[in-house]
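Please look over the structure before reading on.

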Number of protein chains: 2
Amino acid sequence: MPDEKSFHMTPEEFRCYGHAVVDWIADYHSRIESFPVLSQVKPGQIRVSLPKVAPEKGERFDAILNDMDKLILPGITHWQSPNFFAYFPCNASGPAILGDLLSSGLGVQGMLWSTSPACTELETHVLDWLVPMLGLPDKFLSSSTGGGVIQDTASSSSLCALLAARERATNYTSNQTGSDGRIVAYASTQTHSSLEKAAMVAGIGVSNLRLIEVDGNFAMRPEALAKQIEADKRAGLLPCFVCATMGTTSSNAMDPIAEIARICRQHNLWLHVDAAMSGTAALCPEFRHLQNGVEFADSYCFNPHKWMFTNFDCDCFWVADRKALIKTLSILPEYLRNQATETGAVIDYRDWHIPLGRRFRSLKLWFVIRHYGIEGLQHHVREHVRLAQQFGDWVRKDERFELAASAPLNLVCFRHKAGDEANQKIMDRLNRSGDLFLTHTKLNGKLTLRLCVGQTNTQERHVVNAWRRICEEAGKLSH
Amino acid sequence: MPDEKSFHMTPEEFRCYGHAVVDWIADYHSRIESFPVLSQVKPGQIRVSLPKVAPEKGERFDAILNDMDKLILPGITHWQSPNFFAYFPCNASGPAILGDLLSSGLGVQGMLWSTSPACTELETHVLDWLVPMLGLPDKFLSSSTGGGVIQDTASSSSLCALLAARERATNYTSNQTGSDGRIVAYASTQTHSSLEKAAMVAGIGVSNLRLIEVDGNFAMRPEALAKQIEADKRAGLLPCFVCATMGTTSSNAMDPIAEIARICRQHNLWLHVDAAMSGTAALCPEFRHLQNGVEFADSYCFNPHKWMFTNFDCDCFWVADRKALIKTLSILPEYLRNQATETGAVIDYRDWHIPLGRRFRSLKLWFVIRHYGIEGLQHHVREHVRLAQQFGDWVRKDERFELAASAPLNLVCFRHKAGDEANQKIMDRLNRSGDLFLTHTKLNGKLTLRLCVGQTNTQERHVVNAWRRICEEAGKLSH
């Protein structure tokens with residue numbers, strides 16, 4: 001097959017176009033503040049610019065790259081803008097992007113240890129590194145009974161935790177029968193919606209997921225949990241799983257993990273701790289009190305792709321006892337059998353999550369930790385918390401506004417006292433202006449604005465400007 | 001916060017290090033044939049070279065990059081080597097890697113249309129492009145009742161298809177109860193193991209997944225399927241889902257989709273077609289007869305990350321009726337509400353799969369289709385099939401060997417007539433030599449070697465050399 005007919009990009013072309021793409025990204029990040037943070041296009045506006053059918057003949061790479069500016073950028077909501085304060089962040093960094101690029105370049109698929117030992121071993125190693133970095137219990141170490149794995153998202157981790165809990169409670173796999181309708185799982189009314197999704201997917205049913213009431217700080221009430229478990233047991237049901245959250249999505253509430261853990265031990269329930277957003281804070285010893293009780297967790301996850309400068313997707317999930325997890329997710333057809341697996345001396349991560357295939361995601365995490373060092377990561381976490389706390393102070397001191405929840409870390413929930421309509425108006429105007437992007441929630445039935453400081457490049461001036469713009473829009477309300 | 005204390009990589013540093021990484025990848029691909037295809041390290045060998053604890057201080061990027069050669073490469077099984085003939089391929093290409101790099105650089109999270117309209121609309125658009133490219137039915141188009149979405153793997157697609165089937169059969173979400181133990185799903189004894197995993201995850205239970213027997217070509221026997229469905233109905237069970245495979249993993253067997261579809265229509269079962277590997281062949285009209293009957297499928301998936309030059313992960317999943325899928329996977333908490341979603345004029349892909357967050361994966365697929373054009377993609381598919389068929393001819397003509405299954409496309413299953421031990425020995429020696437990598441399966445109880453031609457850069461000389469090396473090892477058997 002002569003090369004001139006191969007259609008492939010040669011290594012030399014890759015080098016040339018690759019440099020152009022790297023430059024495009026560097027330029028994009030240099031000018032990112034010039035774009036409206038929230039994309040201002042209308043539904044369907046991107047699609048109408050695209051050809052109706054796929055091209056018959058290949059196109060030049062520079063034509064494709066040009067279309068990034070012309071066709072794609074108008075439809076981008078700039079998650080990497082320092083003026084992005086919406087949802088939870090999905091931050092990234094140079095070393096993460098380059099680690100991920102190497103993962104794409106190597107193109108290995110790490111379903112088994114043998115299909116690239118470095119893919120498996122680096123992942124195990126970096127997840128072991130993180131255990132002391134975050135003050136997590138030793139039982140999560142691969143050298144103990146547990147171990148860590150990278151999942152795509154906390155949604156998938158929650159599902160896997162629930163499946164492992166079902167396995168332990170009912171010996172599910174060996175029984176080979178479906179769920180029997182007796183299994184009950186517990187979360188709070190503020191727990192992330194992915195728990196509800198997980199209960200539905202796993203066939204446990206939403207009616208068997210109990211949403212426990214919360215206290216004034218939107219944290220789960222342990223006494224309500226205990227009561228519900230006891231009632232369910234009396235009704236002949238099988239309580240098996242509790243999800244406690246370190247930093248809820250709506251208001252960054254901190255469930256009292258230690259008290260919940262005590263109840264779980266008493267009733268032999270699986271305790272999963274979802275620290276998707278706020279787990280990163282535990283890099284700093286002064287914030288670790290928020291995860292008191294995590295030493296009793298059966299599983300735990302946090303997302304470096306939210307607040308630890310590692311581009312999506314990268315959710316780190318640990319279990320204290322890997323047996324239940326592997327038992328419920330392991331299937332070994334003949335075509336995947338191999339000597340290393342048979343010896344039992346290796347980890348095959350395909351048995352630790354839903355997908356079979358897997359990307360070399362630990363590279364980007366390794367790059368981030370090495371580039372920043374623990375010191376650099378701590379520095380930025382502290383700085384984000386400082387900026388959010390400062391913002392909270394401005395809110396507190398402005399009589400037009402009120403804080404809507406305590407702000408333990410980098411999320412501030414606040415509202416204008418004039419009511420839902422005023423807050424909706426402020427938010428819509430700010431987001432339409434493109435100057436910044438923030439989102440809302442409802443707390444105690446009231447529309448509440450959320451400002452989360454967690455984007456990689458957010459500095460004091462961006463938060464100052466956000467507050468200035470908020471006050472400006474508040475000032476226009478009377479008109 | 002002064003820049004000198006920021007720890008971040010500046011855009012200028014990113015540019016410089018980014019070029020170095022691109023060059024590293026170009027060099028890697030230029031020298032890829034110099035590495036043993038299958039990594040030759042022992043369990044634990046990569047980990048022992050890594051520091052026990054994470055670094056306190058950040059490190060220089062060039063030190064990190066140097067470790068790719070020193071610490072990582074020995075532990076890589078080179079999936080992108082043209083001498084990789086194992087499993088199914090996980091091929092990649094220059095345009096895919098660069099499209100993915102742009103996705104990392106933009107760092108958007110496309111859970112909702114509004115969180116980056118281009119991420120959603122380009123995905124919908126490219127999946128619409130693929131419908132006629134692959135000769136799939138119009139009902140899969142987003143402009144019809146259906147639509148397509150990118151999932152991580154075919155495992156996740158199978159799970160989602162099963163969940164949608166459960167929804168349609170039992171009105172699962174509205175009932176809010178768990179699975180009732182009456183749902184039955186069907187696959188063949190040769191269907192991918194992910195179906196078994198999906199049945200377990202969904203709480204249907206392995207005992208309610210019927211593995212239908214296969215014919216001499218390892219394809220599902222429709223009459224056995226019909227019989228089993230009737231028996232299950234008589235037993236008061238609720239048959240709801242069938243998975244037919246276009247190209248099984250073990251031997252590339254083609255289930256008779258049209259006949260299976262007729263049975264599904266008769267009994268009102270959801271038909272999912274898993275074309276993870278062989279779906280790409282349908283780019284070429286002359287191979288489309290293998291998917292006859294796909295026009296009756298309720299859902300379908302294929303993996304551009306296997307054979308269509310798009311790096312992992314990229315599984316394309318279509319449904320004919322998006323309502324059941326969305327209904328069973330949709331949960332809308334307040335903090336995700338937004339105007340665009342409320343109007344119903346947009347797709348929010350978070351409702352189409354398990355994870356909430358999502359990467360801008362359509363970029364790499366768009367880049368691949370535009371770079372190669374339909375013509376270029378067809379060229380390489382045909383060439384891979386031609387090379388595999390030629391290899392099959394060599395096997396057929398060599399009296400020491402036999403074909404173990406028909407080879408409809410680019411996978412050849414074959415064995416040395418001297419029995420399992422001989423085949424194991426040949427395979428182990430070849431893989432230990434590092435010259436090429438192939439894997440095995442069992443067909444009719446006999447150990448069978450599999451050679452799959454699908455790596456991006458595999459050319460005639462690589463297949464010729466593979467056969468030469470196989471014959472060489474066969475020649476040593478008598479000694």
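Of the interface residues of chain B, 100% are also interface residues in chain A, so the copies meet through the same surface; contact here requires C-beta atoms, placed from the backbone, to lie within 7 Å. This is a predicted model, in which local features need pLDDT of at least 70 and side-chain atom pairs count only at pLDDT 80 or more, whereas totals for chains, interfaces and linings use all residues. Residues are numbered from 1 along each chain as its sequence is written, while chains are lettered from A and ligands numbered from 1 in the order in which they are written.

- The contact draws 133 residues from chain A and 132 residues from chain B.
- On the side of chain B that touches chain A, helix α1 (residues 11–30) of chain B gives the most, with 15 residues, where helices are DSSP runs (H or I, at least four residues) numbered from the N terminus.

**Domains of chain A**
- An automatic or database assignment gives domain 1 (3–30 + 39–76), domain 2 (108–359) and domain 3 (379–475) in chain A.
- Between domain 2 of chain A and domain 3 of chain A, the centres, taken over C-alpha atoms, are separated by 31 Å.
- In chain A, 18 residues of domain 2 are in contact with 13 residues of domain 3.

Definitions and conventions
Contact = placed C-beta atoms within 7 Å. Helix = DSSP H or I, 4+ residues; strand = E, 2+ residues; numbered from the N terminus.
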